[in-house]
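I opened a new page for this structure.

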Amino acid sequence: MEATVVKTGTEGKTWGGGDHSPLKASYGKLMMWFFILSDALTFSGFLAAYGFSRYKFIDSWPVADEVFNHFPFLHGVDAPMYYVALMTFILIFSSVTMVLAVNAGHQMKKNKVIFYLFLTVIGGLIFLGSQAWEWKNFIQGTYGAVETKSGRIIQFLDTEGNRVALSDIATESTQRQAHDRSSGIWFSTDETLAAYTIDDIKQGFITKENLRIRIPKLDEKGHPIILNREQSLQTLSTDAIRVVEGANMYRNEYGTPLFANFFFFITGFHGFHVFTGVLINTIIFFNVILGTYERRGSYEMVEKVGLYWHFVDLVWVFVFTFFYLV
Amino acid sequence: MAHDAASHESSVKRIWYVFFLLTVLTTAEVILGIIKPTFLVEHKFLALKFLNWIFIILTLVKAYFITWAFMHMEGETKGLRRAVVWTAVFLICYLMFVLLVEGDYIHEVYKAGYVKYNF
């Protein structure tokens with residue numbers, strides 16, 4: 001199983017790495033491992049910080065399958081995590097085509113390398129598009145919620161325990177029109193207004209007998225506490241101060257604000273890695289077509305870029321677990 | 001040369017085998033995540049739900065296969081393997097231990113009422 005040093009065809013050049021090959025790996029490959037290890041520690045730092053905040057706010061941390069429950073072309077259908085499972089599958093598959101490209105490179109089969117690298121780039125692009133769509137849904141929100149004086153999020157359920165959207169609670173909207181340059185002379189544009197005011201929600205809640213409130217506290221078995229009708233009415237009338245729809249950096253309808261911040265930052269940072277990976281794969285793809293590695297007599301560059309691409313997949317496996325499953 | 005072709009054949013087979021394994025593990029995780037068996041959710045080991053232990057262990061299994069098979073770690077020298085894997089595992093375990101214990105402690109402080117939430 002021990003490695004043998006591959007001739008990279010760059011011997012004697014500036015980045016050739018000299019005559020010695022410590023650990024029997026070429027210069028470029030060793031440097032790629034250095035980078036991957038440091039990047040892995042960076043991501044662990046982020047995920048550890050996420051874990052810290054999650055344990056700190058364990059009561060109000062959102063449940064992933066209530067947050068990520070959309071699937072393309074299935075409007076209004078509750079599809080918990082189906083789409084993110086598909087995204088994960090696509091990224092793993094693009095890792096497979098990458099390793100097939102590396103394998104074809106070992107055999108010096110140029111056309112096979114081109115074909116598999118092409119599939120890898122396509123897989124990466126589909127993943128990036130899916131990520132953008134996830135973000136869109138996350139920012140738009142599904143049900144909406146209400147914020148209390150202490151900055152915590154309370155959500156609405158019916159008697160069967162199903163989530164209820166704000167539009168099904170409020171009977172009418174008395175929300176004012178947003179200040180817009182087209183509707184008057186304003187010095188600055190308005191903040192984004194929710195579809196309903198907090199009083200609309202309070203009024204609607206009183207008229208609909210089947211509504212209950214879920215608060216961000218856990219019972220002794222670890223399930224969120226649902227208040228009875230009287231407690232719900234009491235809490236809503238005294239504590240609720242703001243309607244929250246969707247998510248931004250300050251508040252979100254799913255739970256503690258830090259959840260959205262970590263979601264944007266960690267999936268964003270991972271998405272940036274995928275983007276870089278697609279870019280590098282594309283460059284290598286054209287180099288293969290131009291025959292650069294054929295002339296060098298070695299496709300080791302495909303292998304080094306492949307290491308980076310697999311690493312991006314590896315990070316996603318962990319992000320998937322800690323954001324969507326645990 | 002004939003021997004070479006045969007070994008490439010078998011490495012392609014292994015790639016598809018690992019892909020199959022990763023797909024099965026991911027599917028199992030998603031199914032468990034959707035049905036959330038009550039027993040696994042309500043019982044804990046070391047302040048972590050059984051279900052979450054299963055997720056984390058399956059994730060580590062997936063990470064092992066990606067690193068060993070796809071990143072060819074199994075073909076590298078022992079020194080390179082240890083330099084990368086031991087460093088990461090040690091530092092990550094240390095960081096996780098410190099931060100998670102501290103996060104849980106702060107949660108207890110909130111819960112014990114030293115900081116009050118106004119409901």
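I start with a term: I call two residues in contact if their C-beta atoms, placed from the backbone, lie within 7 Å. I take helices (H or I, at least four residues) and strands (E, at least two) as DSSP runs, numbered from the N terminus.

**Ground rules.** The model is predicted: local features need pLDDT of at least 70, side-chain atom pairs count only at pLDDT 80 or more, and totals for chains, interfaces and linings use all residues. Residues are numbered from 1 along each chain as its sequence is written, and chains are lettered from A and ligands numbered from 1 in the order in which they are written.

**Chain A overall.** I find ten helices and five strands in chain A. The radius of gyration, taken over C-alpha atoms, is 26 Å.

I count a residue as buried if 20 or more other C-beta atoms lie within 10 Å of its own, exposed if 12 or fewer, and partly exposed in between; C-beta atoms are placed from the backbone. By that count 39% of the 326 residues of chain A are buried.

**Domains.** Domain bounds come from an automatic or database domain assignment. For chain A it gives domain 1 (22-141 + 258-325) and domain 2 (145-245). Their centres, over C-alpha atoms, are 37 Å apart. Four residues from domain 1 of chain A and seven residues from domain 2 of chain A make the contact.

**Cores.** A nonpolar core is a set of buried Ala, Val, Leu, Ile, Met, Phe, Trp, Tyr and Cys residues joined through C-beta atoms within 7 Å. The largest one has 73 residues, and A:Ala101, A:Val113, A:Leu117, A:Val302, A:Val319 and A:Phe320 touch the most other members. Which elements supply at least two residues each? I list α1 (27-56), α3 (82-106), α4 (110-140), α8 (257-290) and α10 (300-325) of chain A, together with α1 and α3 of chain B. The largest share, 18 residues, comes from α10(A). Apart from this core lies another, of 18 residues, among them A:Ile169 and A:Phe205.

**Helix α10(A).** I find 25 of its 26 residues buried. The expected span of a helix is 1.5 Å times one less than its number of residues.

**Helix α4(A).** This helix has 31 residues and reaches 46 Å from its first C-alpha to its last, close to the 45 Å expected. Its buried residues include A:Val113, A:Leu117 and A:Phe127. What do the buried residues of α4(A) pack against? I note α2 (64-67), α3, α8 and α10 of chain A. A:Val113 touches A:Ala101 and A:Val302, among others. A:Gly141 follows α4(A), with a positive phi near 80°.

**Chain B.** Four helices and two strands make up my list for chain B, in the order α-α-β-β-α-α along the sequence. Of its 119 residues, 17% count as buried.

**Where the chains meet.** I see 47 residues of chain B in contact with 53 residues of chain A. On the chain B side, α4(B) gives the largest share, 16 residues.

Definitions and conventions:
Rg over C-alpha atoms; globule rule 2.2 N^0.38 Å. Lists of a residue's contacts leave out its neighbours within four places in sequence.
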